[in-house]
Amino acid sequence: MKTKTSPGKIILEVVSVIIAITFITPIIWALAVSLKYEGMQISNTFQWFAPPYTLNNYPDIIRGTSVPYWLFNSLFLAVLSVLMTLLLSSMAAFAIAKLKFKGSGAMYMYFLMGLMVPGEATIVPLFITVNGLNLIDSYGGMLFPGIAGSMNLIIMITFFKGIPDELIEAAHIDGAGNLNIFFNVILPLSKTVLVTVGIFSFLGSWNNYLWPLLCAMSEGMYTLPIGIPTLLSTYTTDYVIPMTANMVASLPAIILYLIFEKQIVQGVALSGIKG
Amino acid sequence: MTKAKAQRQARETATAFGFLIPFTLFYTVFTIWPVIQGAIVSFHKWGIMGRQKFSGLANYAKMMKDRFFWESLGNTTKFTIITVPMLIILAVSLALLANRKSRLQKMYRVCYYMPNVLSVSVVSFLTIYMGSPYMGFVNGLLHTLGAPNSFEPLWLKDPNLVWFTICWITAWWTVGFSMMLYLSALQEISPEIYEAADIDGATKTRQLFNITLPLLKPTTFLVLLLQIIACYKVFGQIYMITKGGPGTVTRPLIQYIYETAFTKNDFGYAAAMSYALFLILVILSVIQTAVQRRSEA
């Protein structure tokens with residue numbers, strides 16, 4: 001196919017660019033505001049984006065607000081959530097996909113049921129359950145409800161089923177036990193699916209709002225999404241400090257997205273198929 | 001021989017359960033048990049300190065007569081009805097734009113999906129700061145572009161405009177996900193179909209309406225149901241942007257459930273309303289699964 005430059009093509013290109021700019025303008029604006037000096041007077045819109053810039057707001061909010069605690073909690077919970085999700089789901093997926101035992105089909109059906117359970121609609125009894133376990137306002141309480149999800153498990157089962165049984169048989173003949181096979185055969189072959197599920201768990205935990213809102217009671221347990229709105233009431237007239245906090249909450253997710261764009265696209269397609 | 005086989009079978013079963021136990025434990029306690037617990041709680045008068053007394057169907061009866069329950073369910077439904085069609089049209093358009101051969105193709109995809117990685121707090125925060133009068137970005141831009149100074153739309157306070165604001169920012173925030181589903185569907189359409197259409201002299205517009213859009217139908221069904229389900233769970237952005245206001249005109253069902261439990265300390269009633277929502281969502285997911293099975297077969 002030849003690429004001719006017809007007027008139609010140019011119009012579509014211009015429209016695509018305008019939409020792309022519109023889509024990222026709020027993010028660029030937040031970034032620009034976070035680089036402004038506090039107390040700047042803005043008389044027209046373009047001044048938001050114009051220099052002078054400063055990086056001082058970032059150390060300022062680290063020193064002057066609770067943002068570093070929230071940042072730590074967000075990071076700590078996201079990393080733990082990734083590790084536990086990957087470990088638990090891949091173990092269970094291995095058993096369902098590759099081990100032969102009575103009740104395998106029944107267990108699979110039991111896990112499928114979870115796809116029908118919308119977390120938001122069970123948030124009140126979940127709170128009662130976690131409260132009964134004495135885990136409200138603790139890292140365990142924040143973490144545990146998110147680490148054993150059906151979707152991740154099913155994505156992994158589907159992937160593991162595609163690994164040829166011959167590889168496992170060969171390892172058996174060499175005298176390897178199932179634990180050995182799991183760590184040395186299955187996991188090394190599953191890097192793509194582990195990365196995809198891992199990124200989604202990270203972003204899910206990092207951006208989670210409703211559950212931490214209920215579970216984190218003391219300010220020291222807040223994550224960034226819970227803590228940031230409390231800054232809004234403290235800084236009502238100046239945008240600079242809250243916007244800097246916004247960027248602290250967004251930059252890790254944006255950077256992760258830019259690095260792992262391909263895996264995220266794959267993950268969306270996967271979750272759409274199994275949806 | 002059979003004994004050895006049986007022994008191996010038993011060992012395999014034991015190993016399997018070893019691998020399954022950790023996941024099953026967390027899954028059962030934090031996903032499945034709350035569903036059962038929710039039913040139990042909804043039949044009781046229940047406060048933060050626990051069970052007070054059995055009340056049968058009283059919570060459900062109260063729900064049927066509660067004006068605020070119906071109002072908030074109506075708000076959630078209104079949000080869904082406005083947002084979903086908008087989202088689907090936007091998602092298809094963006095996918096078509098980002099699927100064209102272009103040197104900027106990659107950049108389009110990255111930009112259109114980018115808002116999706118922001119947290120709901122950041123999205124709400126940005127909306128508040130961009131939409132406020134006098135100091136906000138949007139009105140500032142309108143004035144810079146020549147709108148009269150007296151023109152000062154209240155994006156966050158006007159009962160009609162605020163719906164517009166909430167639905168649009170939700171579309172902006174979440175459309176990337178649906179767009180990606182459309183993009184992967186578009187890439188599965190064989191180029192030969194278009195080549196044949198070219199030979200037959202069909203214009204690009206006709207190809208779009210007679211080939212591309214009909215072939216995207218299964219994806220549209222999927223996106224439609226996924227987005228309806230997602231919209232019925234709406235809470236964060238409305239709660240942070242309007243607090244459900246002005247008054248209660250934008251309060252979604254989940255916010256009402258949340259307030260009933262945590263400010264009115266009526267967990268029993270909150271659980272009953274959660275069950276109503278649960279039922280709606282389960283019916284929608286059953287439809288979704290059925291539709292998907294059919295389109296895959």
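**Entry 1: the model**

I am working with a predicted model. I kept that in mind for every entry below.

**Entry 2: where chain B meets chain A**

I started with the contact between the chains. I looked up how many residues each chain brings to the contact. Chain B gives 95 residues and chain A gives 101 residues. Next I looked up the area. The two chains bury about 8300 Å² between them. Carbon and sulfur atoms account for 76% of that area. I then asked which three residues of chain B supply more of its buried area than any other three. They are B:Phe19, B:Phe23 and B:Tyr129, and they supply 11% of what chain B buries against chain A.

**Entry 3: charges and polar pairs between the chains**

I turned to salt bridges. The rule finds 3 of them across the interface of chain B and chain A. I noted one of these pairs in detail. B:Lys233 forms a salt bridge with A:Glu120. Their closest N and O atoms are 3.8 Å apart. The cut-off is 4 Å, so this pair counts. I also looked up polar contacts. There are 17 residue pairs in polar contact between chain B and chain A, counting pairs with both residues at pLDDT 80 or more.

Which element of chain B gives the largest share of the side that touches chain A? It is helix α1 of chain B, residues 2–42, with 26 residues.

**Entry 4: the domains of chain B**

I moved inside chain B. The assignment gives domain 1 as 2–42. Domain 2 is written in two pieces, 68–116 + 169–296. The centres of the two domains, taken over C-alpha atoms, are 34 Å apart. The contact takes 5 residues from domain 1 of chain B and 6 residues from domain 2 of chain B. Together these domains bury about 400 Å², with 76% of it on carbon and sulfur atoms.

I asked which three residues of domain 1 of chain B supply more of its buried area than any other three. B:Val35, B:Val41 and B:Ser42 do, with 79% of the area that domain 1 buries against domain 2. The touching side of domain 1 of chain B has 3 nonpolar and 2 polar residues, and no charged ones.

**Entry 5: the domains of chain A**

I repeated the look-up for chain A. Here domain 1 is 7–48 and domain 2 is 65–274. Their centres, over C-alpha atoms, are 33 Å apart. Domain 1 of chain A brings 11 residues to the contact, and domain 2 of chain A brings 8 residues. The area buried between them is about 810 Å², and carbon and sulfur atoms give 80% of it. In domain 1 of chain A, the residues that lose the most area to domain 2 are A:Val33, A:Ser34 and A:Glu38. Together they make 44% of what that side buries.

I checked for salt bridges between these domains and the count is 0. The touching side of domain 1 of chain A divides into 7 nonpolar, 2 polar and 2 charged residues.

**Entry 6: B:Thr242**

I picked out a threonine in chain B. B:Thr242 sits in the loop between α11 (236–241) and α12 (253–262) of chain B. Is B:Thr242 buried or exposed? Its relative accessibility is 11%, so B:Thr242 counts as buried. The cut-off for buried is under 20%. Leaving aside neighbours within four places in sequence, B:Thr242 is in contact with B:Leu156, B:Val162, B:Ile166 and B:Thr250. With B:Thr250 there is also a polar contact of 2.9 Å between the side chains.

**Entry 7: A:Thr22**

I ended with a threonine in chain A. A:Thr22 lies in helix α1 of chain A, residues 7–34. A:Thr22 counts as partly exposed because its relative accessibility is 47%. A polar atom of its side chain lies 2.7 Å from the backbone oxygen of A:Ile18. I also looked up the separation of A:Thr22 and A:Leu203. They are 181 residues apart in sequence and 23 Å apart in space, C-alpha to C-alpha.

Terms used. Residues are numbered from 1 along each chain as its sequence is written. Chains are lettered from A and ligands numbered from 1 in the order in which they are written. This is a predicted model: local features need pLDDT of at least 70, side-chain atom pairs count only at pLDDT 80 or more; totals for chains, interfaces and linings use all residues. Side-chain values use heavy atoms; hydrogens and water are left out. Contact means heavy atoms within 4.5 Å. Buried area is the accessible area (1.4 Å probe) that two parts lose on being put together, summed over both. A salt bridge is a side-chain nitrogen of Lys or Arg within 4 Å of a carboxyl oxygen of Asp or Glu. A polar contact is a pair of N or O atoms within 3.5 Å; within protein, one must be able to donate a hydrogen and the other to accept it, and residues adjacent in sequence count only if both atoms are side-chain atoms. Helices (H or I, at least four residues) and strands (E, at least two) are DSSP runs, numbered from the N terminus. Domain bounds come from an automatic or database domain assignment. Ala, Val, Leu, Ile, Met, Phe, Trp, Tyr, Cys and Pro count as nonpolar, Asp, Glu, Lys and Arg as charged, and the others, Gly among them, as polar. Buried means under 20% relative accessible area, exposed over 50%, partly exposed in between (1.4 Å probe, protein chains only).
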